[in-house]
Number of protein chains: 2
Amino acid sequence: MADMTEFTAAIVAHAATVEQVLEELLPSVHGPEGRVVDAMRYAVLGGGKRLRAFLVLESAQLFDVAPTSAKRTAAAIECMHAYSLIHDDLPCMDDDDMRRGKPTTHLAFDEATAVLAGDALQSLAFEILLDPSTHANGEIRARLASALARAAGANGMVGGQMIDIQAEREALRISASGLDLTPGEPTRADVDAIARLQRLKTGALFEFSATSGALLADQDPEPLSRYAAAFGLAFQIRDDLLDVEGDEQAAGKRLRKDADMGKATFVGLMGVDGAGRRARELVAEASAALEPYGGSATLLRQAADFALHRTR
Amino acid sequence: MADMTEFTAAIVAHAATVEQVLEELLPSVHGPEGRVVDAMRYAVLGGGKRLRAFLVLESAQLFDVAPTSAKRTAAAIECMHAYSLIHDDLPCMDDDDMRRGKPTTHLAFDEATAVLAGDALQSLAFEILLDPSTHANGEIRARLASALARAAGANGMVGGQMIDIQAEREALRISASGLDLTPGEPTRADVDAIARLQRLKTGALFEFSATSGALLADQDPEPLSRYAAAFGLAFQIRDDLLDVEGDEQAAGKRLRKDADMGKATFVGLMGVDGAGRRARELVAEASAALEPYGGSATLLRQAADFALHRTR
């Protein structure tokens with residue numbers, strides 16, 4: 001395992017940076033609509049690893065992108081991510097009561113306010129990216145925001161969440177039928193299906209984050225796309241492993257939900273050892289994709305290592 | 001009352017145009033994520049007056065905007081509008097069971113799918129606007145999408161819906177307290193507050209629609225902003241009047257909810273006659289704002305007249 005000191009310091013510093021930008025971009029508001037802004041602030045401020053913001057800021061420094069452009073893009077992706085967490089946690093979706101170690105937004109406020117806060121955070125992500133202060137060139141702003149829209153929609157994050165919910169319902173249906181469906185050898189198709197789910201549900205925003213520096217600098221994003229695809233999958237496999245092995249206190253959310261629900265996971269299909277092996281291969285792929293950037297990409301390499309070794 | 005034949009023909013023709021564009025932009029999808037696309041199609045296709053699309057297309061023709069630009073912008077605003085209807089109808093919000101004469105999306109599908117379909121329709125609105133085929137100039141695409149993001153978010157549509165929900169809760173609280181709060185003379189502040197609610201909740205998307213032609217042509221949107229503000233308010237006053245007087249069958253949704261809930265409305269504050277008078281003044285203001293465009297704006301003037309006389 002690589003020395004993580006440098007990475008740990010950087011992710012903490014980047015998180016503080018994006019926190020400050022979000023605080024400036026989303027001040028409290030008086031009046032009756034202030035409640036939705038309070039809920040947006042509750043969901044987006046003061047929490048999370050800010051891994052997507054980290055990817056944006058590190059991607060941006062590969063191309064000497066102006067700090068303001070990078071910081072605003074990092075804030076935008078965190079708004080988009082926070083919106084998806086609020087909506088995923090709703091009673092009609094995953095029905096979660098804890099997130100980042102505190103009550104989920106619909107419990108801290110109410111369901112209607114939570115739906116609206118998520119909606120407005122999505123709008124805010126686009127508003128931030130499209131403001132001229134993000135980049136002087138409108139063509140670049142439009143391309144960046146277009147990439148985010150595609151990553152977020154039915155062919156990206158929302159599509160992945162839909163597949164996930166359908167898979168959960170299918171698992172419940174089989175379990176309720178009382179059939180003894182002892183799983184056989186996992187098929188290639190099973191693993192492909194779950195990898196596709198992940199690529200849409202979390203991979204699309206990872207890819208946007210990792211390629212955003214190239215988009216802001218009008219450079220080829222392809223190597224960073226490959227990095228993000230491998231990294232994102234490794235990150236998700238580690239999530240599945242943590243769901244089995246992890247500590248709820250440290251994770252700040254409820255664990256073992258997936259296994260309890262009978263949902264297909266990488267660990268369920270490949271076993272703990274097989275999933276760990278696959279994650280290590282993917283982290284090596286992610287590192288190899290960064291080859292064009294040499295020593296400038298050290299922290300992005302360490303981020304991929306982190307995906308493998310994190311405990312929450 | 002002006003002759004509405006020309007207007008009626010135009011709004012039907014424009015609705016058919018935007019329907020076809022939406023059908024092309026949102027084809028059915030196979031696979032497990034197809035369900036969310038089906039729900040998006042259910043909500044956005046085959047219904048509604050398409051008043052916002054009408055405003056876009058008529059605004060665009062004032063400035064000789066290319067048909068493709070106008071049609072795609074009209075489709076984008078209808079996606080944004082459809083998303084807001086899906087979420088507003090949710091059980092945790094207005095809990096409506098009919099919309100456009102058919103079951104609301106969460107009843108036709110389920111709540112989780114409805115939340116996701118709304119989310120993805122918002123993303124799709126931006127995706128459509130930001131695609132190079134909407135306009136060759138990236139600066140203009142970015143400005144247009146930025147205007148939509150501001151209109152949709154916490155300082156626009158979502159903020160208005162939050163105020164509306166808060167007002168409803170306040171009305172229920174007073175009603176539950178058993179106090180006999182017979183309304184006195186409406187104050188200027190009451191009318192201002194409800195006008196502000198409307199300006200945010202529905203006015204912001206109206207303004208985006210009416211000004212979009214100017215934005216696409218890089219011209220001054222100010223006269224169209226004034227038109228939209230007056231038109232939007234008149235439209236809402238007529239909505240309040242229809243809520244009291246209207247026919248549920250014709251409206252395609254449940255009526256008299258506002259009055260039953262004890263919510264403040266223009267009609268409640270100003271009476272049927274006062275509200276009607278104010279609506280007529282506003283329609284005159286809307287027409288006056290169109291003066292710079294002469295005869296080219298005839299259909300936009302008729303649209304404002306329609307706001308006054310519509311029966312659904």
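Analyst: In this predicted model, chain A is built from 14 helices and two strands. Its C-alpha trace spans about 60 × 50 × 35 Å along the principal axes. A compact globule of 312 residues would have a radius of gyration near 20 Å, and the 19 Å of chain A agrees with this. Of the 312 residues in chain A, 54% count as buried. Among contacts in chain A between residues at least 6 apart in sequence, 73% join residues at least 24 apart.

Where the chains meet, chain A contributes 41 residues to the contact and chain B contributes 42 residues. On chain A, the elements that each give two or more residues to the side touching chain B are helix H2 (34-44), helix H6 (111-130), helix H7 (138-152) and helix H8 (157-177). The largest share of that side, 12 residues, comes from H6(A). By class, the side of chain A that touches chain B holds 23 nonpolar, nine polar and nine charged residues.

As to the arrangement of the copies, a rotation of 180 degrees, with 0.0 Å of shift along its axis, superposes chain A on chain B with an RMSD of 0.0 Å. This is the relation of a two-fold axis. Of the interface residues of chain A, 100% are also interface residues in chain B, so the copies meet through the same surface.

The largest nonpolar core has 208 residues, and A:Ala234 and B:Ala234 are those with the most contacts inside it.

Definitions and conventions. Residues numbered from 1 in each chain as written. Chains lettered and ligands numbered in written order. Predicted model: local features only at pLDDT ≥ 70, side-chain atom pairs only at ≥ 80, totals over all residues. Core = buried A, V, L, I, M, F, W, Y, C linked by C-beta atoms within 7 Å. Buried ≥ 20, exposed ≤ 12 C-beta atoms within 10 Å, placed from the backbone. Contact = placed C-beta atoms within 7 Å. Helix = DSSP H or I, 4+ residues; strand = E, 2+ residues; numbered from the N terminus. Nonpolar A, V, L, I, M, F, W, Y, C, P; charged D, E, K, R; others polar. Least-squares fit on C-alpha atoms with pLDDT ≥ 70 in both. Rg over C-alpha atoms; globule rule 2.2 N^0.38 Å.
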